[in-house]
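Q: I would like to learn how to read a fold from its coordinates. Could we go through one together?

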Amino acid sequence: MTQRTFQAPKGTRDFYPADLALRRHVEAAWRSASVDFGFDEVEGPTFEHLELYTVKSGPGIVSELFSFRRAGGDDDYALRPEFTPTLARMVAARGGSLPVPIKWFAIPNFFRAERPQRGRLREFMQWNVDLLGLDTPDADAEVIAVAALALERLGLRPSDVRIKLSHRGAMAAALGAMGVRPEQVSGAFELLDRRDRLEPAAIKARAAEIGLADAALESLMSAAATRIPLDGGSAAIAKALGIGVSGLEAVDALRAALATRGIAEWCEWDLGIVRGLAYYTGSVFEIHEASGAERAIAGGGRYDGLVELVGGPKTSAFGFGMGDVVLSLVLKDRGLLPADGGESLLPRPDVFMISADPSADPVMHRLAAELRRAGLHVRHSYKTTRNVGKLLGDAGKCRARRAVILDAGLASGQVSVKDLDAGSQSAVAMTDLVATLTR
């Protein structure tokens with residue numbers, strides 16, 4: 001039989017122990033920020049009925065999904081590309097029986113059938129935080145504050161990343177003033193969301209399809225490039241878009257809510273942020289690396305109609321997703337990940353047991369079992385040699401705190417305990433070993 005070699009599928013990653021430790025480090029910040037804000041963790045299936053995604057995004061999304069039909073079956077499925085539809089389905093299934101507000105977070109893996117490139121893979125982890133049942137700017141600000149707390153715990157500062165805010169209602173009003181018909185507004189949002197990935201000719205052609213003349217397109221792109229300090233508020237936004245301030249009360253309320261939560265310095269208005277997905281209904285935001293060199297770290301917004309769309313009661317909702325791929329690139333570029341590639345994040349053994357004589361192996365395993373039952377992380381050597389120094393080297397490589405050496409003292413019921421951090425060593429009776437090491 002011809003031997004073959006295999007690699008991980010393109011756009012996926014293998015996680016060796018140190019690699020996974022780095023990922024768990026990021027996930028720990030996500031999880032702790034969520035829990036500290038009172039969000040409960042949920043999870044759903046890895047695949048859903050394909051219709052759950054097409055009902056909100058149309059059939060065009062199928063080309064972006066890993067979809068399949070079970071042999072002999074008649075149902076179409078897709079590996080999940082995001083969590084929001086699953087969350088909406090879960091909320092809809094329980095109807096009005098869930099306590100309000102619903103505060104959930106999840107850290108699932110997702111799949112997208114896209115061309116892999118820097119910052120975008122076909123399989124990735126993503127942190128999702130959602131607050132449902134409240135339609136106030138305070139709810140929006142609370143969810144955004146969760147994201148800021150996690151980034152802060154990972155060592156990032158406002159000078160490293162920017163939380164860019166906008167409001168789809170304000171941009172919809174501006175589009176209406178430019179002559180865009182209501183039924184074409186979603187297409188205009190999609191154009192704005194994709195403008196950095198399209199050639200000028202493609203932008204112009206798409207603008208013509210949605211009724212934007214050249215002058216209006218120029219005005220729209222100028223407005224989309226506008227950055228306004230957070231304290232500029234509705235007046236500055238209205239001026240930049242050429243619309244009145246009426247209907248922008250939520251903008252000022254969100255600004256105030258962010259300020260009271262102590263994260264105003266992270267935030268700014270960016271009128272080009274609209275989020276291309278059609279289910280967004282109000283405030284939207286993205287988090288970007290400050291220089292703009294990377295893709296968005298996170299994105300989200302208000303999606304008040306989605307639960308109703310999948311058969312549930314009318315439910316207001318605000319949430320975001322933050323992927324691990326771009327975030328890890330930013331953390332690495334900022335020197336906020338261990339230079340050793342994650343080795344230092346692996347768990348440190350409390351004890352490394354060394355057998356200096358084959359006859360001591362059964363005793364070593366018995367003592368190791370007792371220590372583990374006492375709650376200690378115990379590893380041991382898998383080879384026996386009288387060269388204890390070599391085995392102590394193995395203990396040092398895994399960064400054990402102490403070594404327990406079964407040597408000549410075993411005959412008198414004693415073992416040697418070496419503190420690998422301090423370098424000190426002492427003899428301890430085997431009957432006192434558990435008490436000594438757990439003291």
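Q: Which helices do the buried residues of helix 6 pack against?

A: A word on the model before the case: it is predicted, so local features need pLDDT of at least 70 and side-chain atom pairs count only at pLDDT 80 or more, while totals for chains, interfaces and linings use all residues. Residues are numbered from 1 along each chain as its sequence is written, and side-chain values use heavy atoms, with hydrogens and water left out. Contact means heavy atoms within 4.5 Å, and helices (H or I, at least four residues) and strands (E, at least two) are DSSP runs numbered from the N terminus. Here, the buried residues of helix 6 pack against helix 5 (168–177), helix 7 (200–209) and helix 8 (214–224).

Q: Which residues of helix 6 are buried?

A: Buried means under 20% relative accessible area, exposed over 50%, and partly exposed in between (1.4 Å probe, protein chains only). In helix 6 (residues 185–194), the buried ones are Val 185, Gly 187, Ala 188, Phe 189, Leu 191 and Leu 192.

Q: Is Glu 27 buried or exposed?

A: Glu 27, a residue of helix 1 (residues 17–36), is buried, because its relative accessible area is 5%. Leaving aside residues up to four places away in sequence, Glu 27 touches Ile 107 and Met 125.

Q: Now the strands: which way do strand 14 and strand 16 run?

A: Two strands pair if DSSP finds at least two bridges between them. Strand 14 (residues 351–355) and strand 16 run parallel, joined by 5 bridges; Val 351 has Arg 402 as its bridge partner in strand 16. On the pairing with strand 17 (residues 414–419), strand 16 runs antiparallel, with 4 bridges, and Ala 403 is partnered by Lys 418.

Q: Where do the side chains of strand 16 point?

A: Arg 402, Val 404 and Leu 406 point one way, Ala 403 and Ile 405 the other, and all are buried.

Q: What radius of gyration does the protein chain have?

A: The radius of gyration is taken over C-alpha atoms, and the globule rule is 2.2 Å times the number of residues to the power 0.38. A compact globule of 439 residues would come near 22 Å, but this chain has 28 Å. Its C-alpha atoms fill a box of roughly 95 × 60 × 45 Å along the principal axes.

Q: How many helices and strands does the chain have?

A: The protein chain has 15 helices and 18 strands, and buried residues make up 47% of its 439 residues.
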